[in-house]
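This report is written for someone meeting the structure for the first time. Please look over the sequence and the 3D view before reading on.

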Amino acid sequence: MTNKSSLRIPLFSAAAFVLLVGGLLLNVHIGAVRIPAGQVFSLLLNGIRLRLLSFLHPDRYGPLFADFLTGSTEARILFGIRLPRMLLAAVLGGGLSLSGFLLQAFFRNPIAGPFVLGISSGAKMLVSLTMIFLLPSLSSMNSGVMVLAAFAGSLLVTGIVLLFAQKVQNMSMLLVIGIMVSYLCSAVTDFCVTFADEHHIAGLTGWSMGSFSSADWHAVRFCFVLTLLCLLASLLLSKPIGAYALGEGYAKSLGIHVRAFRTALILLSSLLSACVTAFAGPISFVGIAVPQITKRLLRTARPAVLIPLSFLAGAVFCIYCDLLARTAFAPTELAISTVTSIFGAPIVIRLMVERSGRR
C-alpha cells in the first residue's frame, strides 16, 4: 500500500503533464480553420527561433519576426489568437484552482471557494462598476485598473464573509450567506447597468458571461507573472498551511503568527480570484472541484504536494473546458462557466451530500 501511495504523485504529475501538452496541441490544431499538425510544429519552431534571434539582434531579426507573424493566415491565427488564448486559459485555470485551495485551507472546509462564497461576484461587481463609470474618462481599460477593481471587490466580499464567519459556526449557513451576498452584488451591478450606455452594456455582457476569447500576449504576460508570484508565495506557506489544518492551537505552538498567516491566505486567494475575473470574467466551480479531485486522487493532505499539482490540474481542466466551449457548437461559442458548471457542479453536490452524511 505504501508503494502504491508513493507512486500516485509521480503518476498523477506525469498524466497531468501529458494531458496538458495534449490539450495545448489540440487547442492550436482545432478550430474554425484547421491547421495541420505538421504546420503547427513548423510555425512554432520558426516562431520561437525568430523570437530568440530578435532578442539577441533586434535590428536585424526584429522586422523578420514581425513579418513572420503577419506573413500567413495560419501564423496570424496561431500566434495572434490560439496561443495566447490557450496559455491564458492554462494560467488562469491554475490560478483559480489555487485560489480555491487556499480558501479551503482558510475555512478548513472542502466546499469553500471563490464562486460559492460570493468572492467572484464581488470582483465582478467592482469591475462592472469600473467599466460603466470609469471607462468613459479613460482612453483604454488597462490591466492594472481591471485587477485593482476586481481585487477591491474580492476583498470587500471576503471581509463581509469573515465578519459573518466569526458569528456563524455552521458552514452551511455561511455558504448561504455567501450566496446572498452574491445576489446582492449582482443586484447592485444590474441596477447600475440600467443607467449605463448601450455601448458599455454590450461590452459588459460579453465579459460577464466568462470567456478567454479576449486574450492577448499582454494579458498572458501580466497574468503569468502575477499567478507565478502567488504560486511561489503559496509554496512558502505550505508548512504553516499543514500546521493550521491541525488546528489554530497547534499552529500557534509551532510559532506561527495565525492572524498574519490567515491574512496572507485571504490576500493571495483574493488576488488570484481577482486576476481571473478581470481577464476572463466570472468562472464557476473550478476553485472548489479541482482541488478536491486532486486531493482525492493523490490521497494526501500535504500542501507542498497539493499546491503545485492543484495548479497543474486547474490548468488542464480549463484548457479542455475552453476547447469544448469554442468547438462543441461551433461557430457558436459557449460561455466558459457553462462548461465548467456542467463538470464542476455534480462534484460540489457530491461533496455536500458526503459531508452531510458524515454528520
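The sections below go from the whole chain to single residues.

## Basis of the model

This is a predicted model, in which local features need pLDDT of at least 70 and side-chain atom pairs count only at pLDDT 80 or more, while totals for chains, interfaces and linings use all residues. Residues are numbered from 1 along each chain as its sequence is written, and side-chain values use heavy atoms, with hydrogens and water left out.

## Overall fold

The chain has 15 helices and zero strands. Both are DSSP runs numbered from the N terminus: helices are H or I runs of at least four residues, and strands are E runs of at least two.

The radius of gyration of the chain is 21 Å, which agrees with the value near 21 Å for a compact globule of 359 residues. It is taken over C-alpha atoms, and the globule rule is 2.2 Å times the number of residues to the power 0.38. Along its principal axes, the C-alpha trace spans about 65 × 60 × 40 Å.

## Burial, contacts and charge

Of the 359 residues in the chain, 48% are buried. Buried means under 20% relative accessible area, exposed means over 50%, and partly exposed lies in between, with a 1.4 Å probe and protein chains only. The accessible surface comes to about 17,600 Å², and carbon and sulfur atoms account for 69% of that surface. Accessible areas come from the Shrake-Rupley method with a 1.4 Å probe; for residues, only the protein chains shown count as cover.

Contact means heavy atoms within 4.5 Å. Among contacts between residues at least 6 apart in sequence, 78% join residues at least 24 apart.

## Around helix α13

Phe-285 sits in the loop between α12 (258-280) and α13 (286-298). Its phi is near 70 degrees, a positive value in a residue other than glycine. Phe-285 counts as buried because its relative accessibility is 17%. Arg-299 lies in the loop between α13 and α14 (303-327), and its phi, near 55 degrees, is also positive in a residue other than glycine. With 63% relative accessibility, Arg-299 counts as exposed.

Arg-299 is one of the residues touched by Arg-8, along with Leu-297 and Leu-298, when residues up to four places away in sequence are not counted. Arg-8 is in helix α1 (residues 2-29) and counts as buried at 18% relative accessibility.

## Ile-288 and Gly-113

Ile-288 is in helix α13 and, at 1% relative accessibility, counts as buried. Residues up to four places away aside, Ile-288 touches Gln-104, Pro-110, Ile-111, Ala-112, Gly-113, Val-116, Val-348 and Leu-351. Gly-113 lies in the loop between α4 (73-107) and α5 (119-134). Gly-113 is buried, with a relative accessible area of 0%. Apart from residues up to four places away in sequence, Gly-113 touches Leu-103 and Ile-288.

Arg-85 is in helix α4 and is buried, with a relative accessible area of 9%. Not counting residues up to four places away in sequence, Arg-85 touches Ser-211, Phe-212, Ser-213, Ala-215, Asp-322, Arg-326 and Glu-333.

Leu-155 is in helix α6 (residues 143-165). At 31% relative accessibility, Leu-155 counts as partly exposed. Leaving aside neighbours within four places in sequence, Leu-155 is in contact with Ile-266, Leu-267 and Ser-270. Leu-155 and Ile-266 are 111 residues apart along the chain, and their C-alpha atoms are separated by 8.0 Å.

## Cysteines

A disulfide is a covalent bond between the sulfur atoms of two cysteines. The structure holds zero disulfides, where a disulfide is a pair of cysteine sulfur atoms within 2.5 Å. The cysteine sulfur closest to that of Cys-321 is in Cys-318, and at 6.1 Å it is too far for a bond. Cys-321 counts as buried at 3% relative accessibility, and Cys-185 counts as buried at 6%.
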